[in-house]
Amino acid sequence: KDKFSNNFDITFDLFMHDLFLSFTNGACLYLPDKNYYLNPSMFIKKHELTCWFSVPSLASNMQNLKQLKMNKFPSLKYSAFCGEALPVEVANSWKASSPKSIIENLYGPTENTIAVMGYRFDKNTKKQSLNDIVPIGKIFKGNYILPSKKKVFELCISGGQVFSGYLKNTSLNKKIFTIFKKKKFYRTGDLVKKNKFNNYCYIGRVDRQIKVRGFRIEPQEIEREIKRFTKSKEVVVVGWPSLNKKDFSYSGIAAFIVKSKTKNSNKIINYLHKNLSAIQTPNKFIFLNRLKYNANGKIDYNWLKKSLKL
């Protein structure tokens, strides 16, 4: 008798998760029409959905629109998030709005069909988080993580859920697979760190790491500090302007801030200088009322970078 949401485009692999999980268990799948895209909370309330699945950005947008009010969704029993990093603040707001719901943070590139790691949100999550991001947890049975001596390393996965390679693309397959003890590991491109609870924490994308005047920068660290000072729920940091696209090298940093409590760039800069190095401080701030999302509900980074060129 469960009622599943479906918040994904049909070309997004997470669409298949909802489709098969609901149908193989005799549940009902509810596909929202365009009228509900801007207000998914109305759809949850109207149909009394019991199972929710979306990218974190959708929940974050609902939070910004003040749709995540206390006990707003009493019907929800299970909520899952996947596709990008889940902020602790968003998870807390979701728990407040659906107190009866279990919250799972799932992790899985498309090449690891569909989720290969998971972490269940609880009252101790804040202590386990890095950069205020909910951990991605532990690897599922039948899959393996390539060990590393580094504290922060690229997550490489082997096992029954890993695909065999891209069709007719031998050159790319050579780059994305590595062999260890006769096992083939897929290089996810995601940077992780293991915490003292043996849960893996997502640090960022290898291709989101940027070089600013020769120094390697983690955008998520800067985003966290800007959020703390501006009280913004959404902050995106990108390298700008570009020096060398191939090496992700830039001469500076731009920060997009949604609904900031202060639009005084100098105040933000003064705060960042106390908590970060000068090289980590953005030289351009763009204040927005909202971010643009793509068809799958993720932040549209191409739109952000194009807006810098206008």
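**Close-up views of a predicted model**

The structure holds 12 aromatic pairs. The model is a predicted one. The legends below begin with some of these pairs and then turn to other local features.

**View 1. F8 and F53 form an edge-to-face aromatic pair.** The two ring centres lie 5.3 Å apart. Because the ring planes stand at 75°, and over 60 degrees counts as edge-to-face, the pair falls in that class. F8 comes from the loop between strand 1 (3–5) and helix 1 (13–23), while F53 belongs to strand 3. The parts they come from are 45 residues apart in sequence, so the contact ties them together. F8 has a relative accessible area of 7% and is buried. F53 is buried too, at 3% relative accessibility.

**View 2. F81 and W94 make an edge-to-face pair.** F81 sits in strand 4 (residues 78–81). W94 sits in helix 4 (residues 88–97).

**View 3. Lysine side chains sit over aromatic rings.** K183 places its charged end over the ring of Y144. The distance to the centre of the Y144 ring is 3.5 Å. K184 places its charged end over the ring of F177. Here the distance to the ring centre is 4.4 Å.

**View 4. The second largest pocket has a lining of 27 residues.** Y37, L58, N294, A295 and G297 lie nearest the centre of this pocket. Helix 2 (40–47), strand 3 (51–54) and helix 3 (56–64) are the elements that give two or more residues to the lining. Helix 3 gives the most, with three residues. The space in the pocket is about 580 Å³. By class, the lining has 17 nonpolar residues, eight polar ones and two charged ones.

**View 5. Strand 6 pairs with strand 5 and with strand 7.** Strand 5 (residues 102–107) and strand 6 (residues 117–120) run antiparallel and are joined by four bridges. Within this pairing, N105 stands opposite Y119 of strand 6. Strand 6 and strand 7 (residues 138–139) also run antiparallel, joined by two bridges. Here M117 has I139 of strand 7 as its bridge partner.

**View 6. F121 lies in the loop between strand 6 and helix 5.** At 13% relative accessibility, F121 is buried, because buried means under 20%. F121 and N105 are 16 residues apart in sequence. In space, their C-alpha atoms are 7.1 Å apart.

**View 7. Cis peptide bonds occur at T113 to I114 and at W240 to P241.** The bond from T113 to I114 has omega near -20°. I114 is part of the loop between strand 5 and strand 6. The bond from W240 to P241 has omega near -10°. P241 is part of the loop between strand 15 (234–239) and strand 16 (242–244).

**View 8. N71 and D132 have positive phi although neither is a glycine.** For N71, phi is about 55°. N71 is in the loop between helix 3 and strand 4. Its relative accessibility of 41% makes N71 partly exposed. For D132, phi is about 60°. D132 is in the loop between helix 5 (125–128) and strand 7. D132 has a relative accessible area of 22%, so it counts as partly exposed: the cut-off for buried is under 20%, and that for exposed is over 50%.

Key. Residues numbered from 1 in each chain as written. Predicted model: local features only at pLDDT ≥ 70, side-chain atom pairs only at ≥ 80, totals over all residues. Heavy atoms only, no water. 1 Å grid on protein atoms, 1.4 Å probe; cavity = no way out; pocket = protein on both sides within 12 Å on 5 of 7 lines; lining within 4 Å. Points joined across faces, edges and corners; volume = space filled by probe spheres on them. Nonpolar A, V, L, I, M, F, W, Y, C, P; charged D, E, K, R; others polar. Phe/Tyr/Trp six-rings, centres within 6.5 Å; stacked < 30°, edge-to-face > 60°. Buried < 20%, exposed > 50% of the residue type's maximum accessible area, 1.4 Å probe, protein only. Lys NZ or Arg CZ within 6 Å of the ring centre and 35° of its normal. Pairing = 2+ DSSP bridges.
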